[in-house]
Amino acid sequence: MNIESGQLLFYVSGSIAVLASLFVVTNKNAVHALLYLVVSLLALAMCFYLLGAPFAAALQIIVYAGAIMVLFVFAVMIFNINQTDIDREQQWLTWQSWVGPSLLAMILLGEIVFVLLSQQNWATNPSSVTQIELVDARAVGSLLFGPYLLAVEIASFLLLAGLVGGYHLAKELPKKTTTQGGSQ
Amino acid sequence: MTVPIEHGFVLVALLWAIGLVGLLSRKNTLFMLMSMEIMLNAGALAFILAGSLWQQADGQVIYILILSIAAAEVGLGLALLIRLRQHIGDLDIDKLDEMKG
Amino acid sequence: MNMQDLLFLVPLLPLVSSIILLLLAGRLSPMLVAVFGVGSMALAAILTLLIGIEFLGMGGDSFQQVLFNWLPIAGAPLNFGLHLDQLSLVMMGVITGVGWMIHWYAAAYMFGDKDVQRFFVYMNLFVFAMLMLVLGDSLVLLYLGWEGVGLCSFLLIGFWQHKADNVVAAKKAFIVTRVGDTAMMIGLLILFSEFGSLHITTIVDSTVQVSQSNLWLACLLLVGGAVGKSAQLPLQTWLPDAMAGPTPVSALIHAATMVTAGVYLIARMHPLFLQVEGILNLVAWIGALTLVLAGVAALAQTDIKRILAYSTMSQIGYMFLGLGALAFDGAIFHLMTHAFFKALLFLTAGSIILKMHHQQDIFKMGGLFKSLPLTSTFLLIGLLALVAFPGSSGFFSKEAILAATYEAHTAGPTLWWIGVLGAFLTSLYSFRLLFIVCFGPANHDLKEADYKASSQLVVPLLPLVTLAVIGGFISLDFSLVFGPAHHPHIPLWIEWMPVAASLVGFILAWALYFPRKAMQANDGVISHFCRDGLGFDWLYEQIFTKPLQLFARINKSDVIDHFYHFVGWLNFSLNEVLVISQNGKLRWYLFGTLAGCALMLGGLLWWR
């Protein structure tokens, strides 16, 4: 079998991603799960790089694993997870609660894989592609400042909304005094 | 180095399914959010694969947009989770069933 | 301008008066109400007289006046038209003339009543409907009048609504006549389908070959309608109870006019009936049987108005007998004379009742010949006409009918003997009434001061008295309607037998009923049976009312309703089942959504 090293690397990081995701989903400790999630994201970054998308890989590591996951960790810190919570998770995770979702997921997975593998006409014959070209940051940048300029602006609106909403929702409620009636 | 593109998409589907399992079977809202992150990542991988297939940067651009969506969503989601915890004391999503009947 | 062109005014005047009185309800003084109510009738009567004089002077050909096109149906357009010939002229004269007298009397009779305006609304409306009945040139207009008089009869019987018994009697009258009306309606529809039109002249002059069985059926149904309206067997049970209405109502509706509508119908459609002579035989038998039955029942009554009601039933039996014996002119003649003396009798009875302070039991009267001489004289004259005392109006008309009965091939000697028996019974109950009411010791406690008669109650009776005496000499010429008059050739003893029967009745009444001491109503079983109308009420109750009530009780929970309740129950049950799937849990909803996705994808993949 003529598997190249890049291909092998791709399979390996893919498996790491899958395994790590499995650990995320079946974990009882929130912090452990988050860390596994970070591992999964990093493995995916590896996959991105191997597919010729270095800019995306970098962004994955910096933004996704570095910012969003950190945000998760901060939130977990606020929630103050302790042993009772972990025990309760243990309680909640009976094998009965896995049966239904697993079955459904497997059916869906089966269907999607069937659809994927029965595709006859990929645009390029995969076996004839000899080399994955690197699509570097320059190309991405020229697209971002070109055709996708409006999308970028709208994404900024979205982030603004997320910012304002996040601030508002997490604001501390004013303390109710005994003389005040009604609902807040 | 070449990667058969179907294998990439199979990886996407696999990750997506794992995220789905987590979403449906976990009661803790935090874990549900994490599972949703896995699913989003699977989607992002699919776009990158497509971009690689066509040798164009569009896949990465879409990936950036997905990234920003995920960021906003996580921010708001966690804020809501904080609120939820203040309201009902723990993060059990089954406690939010006032819309029943 | 011809007087005849004013024909439409005759029914119009009472209608207008009725509408005016209705619209100005409560705003007119009783005097003004009486002016409208009676005045319209007076105008109508005078107009009738003038029209009649001109009509007869012009030779008596039938006169048609079409007012407007009512229903423009293709092929059989229905016009609102009036038809005048001798038959309708006589009927019109009776209705407006006798009606005028009765209205005049009623204005005085109902004077203190607070609802007198409503009374005259109904009375005038009734006269309008009755005039439409006799003047209409198509069967539809006749039916309009038919229903109108039924309605007004109902309204007037139950006039004093605060007494529940009156309303019950009104309902009974309406429902029983309704049975007849429905039969008549079906008959009219059959006639329409056979002849293609309901115009009377078109039907009777038609040369179209119609199926005999259909014609038979239609005429039978028309007789059914006539029987209902004229209170003959088997639909006679409503008339005695209809006496619950005010006495002028009983006089106008249930003696002179409405109950004679059936007779008019058969007389008007006589060309049809002549084609199905078996039905005329049936009509004669109905008349004869009712005649005897009513006479027997009248013998057992204690209420003066009920005696007169059964007497009316009996006399209309005579008219039916006359119709059945092909003596149409005799029947109509008897109708006219009967209107005169029966109205007189009823109004006199009304005066007596008023004087007795609304006491109607004859056994609580007595000795009125000394106390109320004028009223008693009127009563006597009316009764003499009723029993066909030789020379009175009733004599000539009854004699005409009985003579024809003997000879007719649709009637015959059997029916004639029944008619004679009827004459005997008539005399018996009439003189019973006279003796118990007017002679003997007084069973009441009225003082002298109560006896003065109001002039308004007496003056209207004078024309009626006159006509009851000399009305027999009015010769009516129906030759253009019924064909040349047929004078039966019968032996002399046949002619005078009814008079002999009446005399026998008089002697027997003298023997049995002349009060030598205070009398009381007979209390035996047979008396009660006769008093209750010979058990017909009981029979109908068993056959019709009780099963209907049973069925209503069974269906109390309304079987059909169960179906609709079931639909509602089904919805609620389904809701209870389906709401389980809405348990508010997010993961459950997600699972449902994704399972649906999986199914759809699977389905799509399967079919590709």
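This is a predicted model: local features need pLDDT of at least 70, side-chain atom pairs count only at pLDDT 80 or more; totals for chains, interfaces and linings use all residues.
How many salt bridges does the rule find across the interface of chain A and chain B? The rule finds 0 salt bridges there, although 13 residue pairs, both members at pLDDT 80 or more, are found in polar contact across that interface.

**The interface of chain A and chain B**

- In this interface, 85 residues of chain A are in contact with 71 residues of chain B.
- The size of an interface is often given as the accessible area lost when the parts come together. For chain A and chain B the buried area is about 7100 Å², and carbon and sulfur atoms give 77% of that area.
- Seven stretches named here, α1 (5-26), α2 (30-50), α3 (54-79), α4 (83-92), α5 (96-117), α6 (137-144) and α7 (149-169) of chain A, each supply at least two residues of the side of chain A that touches chain B.
- The element that gives the most to this side of chain A is α3(A), with 14 residues.
- When the residues on the side of chain A that touches chain B are divided by kind, 61 are nonpolar, 18 are polar and 6 are charged.
- A polar contact of 2.6 Å joins the side chain of His7(B) to the side chain of Tyr11(A); His7(B) has its place in helix α1 (residues 5-25) of chain B.

**Chain C as a whole**

- Chain C has 27 helices and 2 strands, and buried residues make up 53% of its 608 residues.
- Among the contacts in chain C with a separation of 6 or more, 81% are made by residues 24 or more positions apart.

**Aromatic pairs**

- Over all chains, the structure holds 26 aromatic pairs. A pair of aromatic rings is described by the distance of the centres and the angle of the planes.
- Phe68(C) and Phe80(C) form a stacked pair, with 4.9 Å from centre to centre and 15 degrees between the planes. This pair links distant parts of the chain, since Phe68(C) is in strand β1 (residues 63-71) and Phe80(C) is in strand β2 (residues 78-84) of chain C, 12 residues apart.
- Phe68(C) is partly exposed at a relative accessible area of 41%, whereas Phe80(C), at 11%, counts as buried because its value is under 20%.
- Tyr540(C) and Phe544(C) form a tilted pair, 5.9 Å centre to centre and with 45 degrees between the planes. Both residues lie in helix α25 (residues 536-554) of chain C, 4 residues apart, which is about one turn of the helix.
- Tyr540(C) counts as buried at 19% relative accessibility, while Phe544(C) counts as exposed at 54%.
- Ring pairs also link Phe119(C), Phe120(C), Tyr122(C), Phe159(C) and Trp160(C) into a cluster.

**Backbone features of chain C**

- Most residues other than glycine have a negative phi, and most peptide bonds are trans.
- Leu233(C) and Pro234(C) are joined by a cis peptide bond, with omega at about -10 degrees, and Pro234(C) has its place in the loop between α8 (212-229) and α9 (238-241) of chain C.
- Ala231(C), which is found in the loop between α8 and α9 of chain C, has a positive phi of about 55 degrees although it is not a glycine. Ala231(C) is buried, with a relative accessible area of 0%.
- Ala388(C) also has a positive phi, near 60 degrees, and lies in the loop between α17 (373-386) and α18 (393-407) of chain C. Ala388(C) is buried, with a relative accessible area of 10%.

**A buried arginine in chain C**

- Arg268(C) lies in helix α11 (residues 261-268) of chain C, and at 8% relative accessibility it counts as buried.
- The side chains of Arg268(C) and Asp85(C) are joined by a polar contact of 2.9 Å.
- Leaving aside its neighbours within four places in sequence, Arg268(C) is in contact with a set of residues that includes His83(C), Asp85(C), Leu87(C), Ser88(C) and Val134(C); Ile200(C) and Val204(C) are also among them.

Key. Residues are numbered from 1 along each chain as its sequence is written. Chains are lettered from A and ligands numbered from 1 in the order in which they are written. Side-chain values use heavy atoms; hydrogens and water are left out. Contact means heavy atoms within 4.5 Å. Buried area is the accessible area (1.4 Å probe) that two parts lose on being put together, summed over both. A salt bridge is a side-chain nitrogen of Lys or Arg within 4 Å of a carboxyl oxygen of Asp or Glu. A polar contact is a pair of N or O atoms within 3.5 Å; within protein, one must be able to donate a hydrogen and the other to accept it, and residues adjacent in sequence count only if both atoms are side-chain atoms. Ala, Val, Leu, Ile, Met, Phe, Trp, Tyr, Cys and Pro count as nonpolar, Asp, Glu, Lys and Arg as charged, and the others, Gly among them, as polar. Rings of Phe, Tyr and Trp (its six-membered ring) pair if their centres lie within 6.5 Å; planes under 30 degrees apart count as stacked, over 60 as edge-to-face and the rest as tilted. Buried means under 20% relative accessible area, exposed over 50%, partly exposed in between (1.4 Å probe, protein chains only).
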